[in-house]
Amino acid sequence: PHDRDDRLGGEARETVVAIVGTTRASDYGIEMAAGLARGLATCGVTVVAECGDGIARAALEGSLQARRAAIAVLPGGADTPPPARRRSLLRSIERDGAAVGELPCGTTARRWSRAASARIVVALAQLTLVVEADDSARELAPARIASSLGRRVAAVPGRVTSRTSCGTNALLRDGARLVRAPADVLDMLAGVDLPPGETPAAPHRLEPRLAEVL
């Protein structure tokens, strides 16, 4: 609807949404991540994700399909070459967007780098959207970090019998906002999903468990 676009106005160009999830994504998860990123990018929202596989890769590719700059967070230094399968994607992002490193330039990724880089992804965004994740501390780390920072958390529902949807379904049970399409995210960004007078707040039951992750 036009009124939603009017509420966002020029602010949408400065709005950043983190799209996160498992590296072992299903076809459903990849389709949803790419479609949501593409739709949000078309509306002027900047997508930030790890320069990784699965959900993160699909989100970055979806944003690029909309010819919108994206932000990729690398687990090592920004000048450290990623695995060959991600180099073409990273070059495209660097041409129109930005690549951010968790570690200083010249430093290769460490075993803990992926979990640590989730802090940057979440900190850059006003809202964190979990598309597909299992119910583990590592894959739910971005949601817990976002909650600890007072940022809003949303999740895409999945099949209750799918392991890769256990985490997202748990987030929804615990208070995350349900997302089915880009319009749901735009409503959250505009605050139209909140009762009058209520300010956006993170789900209250997503206590940070960083010690289990880092």
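Reader: Cut-offs on the table: buried is under 20% relative accessible area, exposed is over 50%, and partly exposed is in between. Where does arginine 57 fall?

Author: Arginine 57 is partly exposed, because its relative accessibility is 22%. Keep in mind that this is a predicted model.

Reader: Noted. Which residue does the arginine 57 side chain meet in a salt bridge?

Author: Glutamate 61. The N to O distance is 3.0 Å.

Reader: How far apart are they along helix H3?

Author: Four residues. Both sit in H3, residues 55–65, so about one helical turn separates them. In an α-helix there are 3.6 residues a turn, so residues three or four places apart point the same way.

Reader: How many salt bridges in the whole structure?

Author: Six. One of them joins aspartate 134 and arginine 24, at 3.2 Å from N to O. That pair links distant parts of the chain, 110 residues apart. Aspartate 134 is in the loop between strand E5 (127–132) and helix H6 (141–148). Arginine 24 is in the loop between strand E1 (16–21) and helix H2 (27–42).

Reader: Are those two buried or exposed?

Author: One of each. Aspartate 134 is buried, because its relative accessibility is 9%. Arginine 24 comes out at 53%, so it counts as exposed.

Reader: Which network are they in?

Author: A network of salt bridges that links Arg24, Asp134 and Glu139.

Reader: What about arginine 95 and aspartate 96?

Author: Their side chains also meet in a salt bridge, at 4.0 Å from N to O. Arginine 95 is exposed at 60% relative accessibility. Aspartate 96 is partly exposed, with 49%.

Reader: Switching to the fold. How many helices and strands?

Author: Nine helices and seven strands.

Reader: What is the strand order in the sheet?

Author: E4-E3-E2-E1-E5-E6-E7. The sheet is open, it has seven strands, and the pairing is parallel.

Reader: Which strands stand at the edges?

Author: Strand E4 (98–101) and strand E7 (177–178). Each has a single partner strand, so one side of each is left without a neighbour in the sheet.

Reader: What packs on the sheet?

Author: Helix H8, residues 182–190, packs on it and touches E1, E5, strand E6 (152–155) and E7. The H8 direction makes about 160° with that of E5.

Reader: Now E1. How many bridges pair it with E5?

Author: Five, in the parallel sense. On that pairing, valine 17 stands opposite leucine 127 in E5.

Reader: And with E2?

Author: Three bridges, again parallel; strand E2 covers residues 46–50. Valine 17 stands opposite valine 47 in E2.

Reader: How covered is E1?

Author: Six of its six residues are buried. Val16, Ala18 and Val20 point one way from the strand, while Val17, Ile19 and Gly21 point the other way.

Reader: Next, H6. How many of its residues are buried?

Author: Seven of eight, which leaves H6 mostly covered. The buried ones are Ala141, Pro142, Ala143, Arg144, Ile145, Ala146 and Ser147.

Reader: Which residue just after H6 takes a positive phi?

Author: Glycine 150. Its phi is about 80°.

Reader: One more residue, threonine 168. Where does it lie?

Author: In helix H7, residues 166–173. Threonine 168 is buried, because its relative accessibility is 0%.

Reader: What does its side chain reach?

Author: A polar atom of the threonine 168 side chain lies 3.0 Å from the backbone oxygen of serine 165.

Reader: And which contacts does it have beyond its neighbours within four places in sequence?

Author: Val130, Val131, Glu132, Ala133, Ala155 and Val156.

Reader: Last, the whole protein. What share of the residues is buried?

Author: 50% of the 214 residues. The accessible surface comes to about 10,200 Å², and 51% of that belongs to carbon and sulfur atoms.

Reader: What about sequence range in the contacts?

Author: Take contacts between residues at least 6 apart in sequence. Of these, 74% join residues at least 24 apart.

Terms used: Residues numbered from 1 in each chain as written. Predicted model: local features only at pLDDT ≥ 70, side-chain atom pairs only at ≥ 80, totals over all residues. Heavy atoms only, no water. Helix = DSSP H or I, 4+ residues; strand = E, 2+ residues; numbered from the N terminus. Buried < 20%, exposed > 50% of the residue type's maximum accessible area, 1.4 Å probe, protein only. Contact = heavy atoms within 4.5 Å. Areas by Shrake-Rupley, 256 points an atom, 1.4 Å probe, with all protein chains shown as cover. Polar contact = N/O pair within 3.5 Å; in protein donor to acceptor, adjacent residues only side chain to side chain. Pairing = 2+ DSSP bridges. Axes fitted to C-alpha atoms, helices over the stretch in contact; angles between N-to-C directions.
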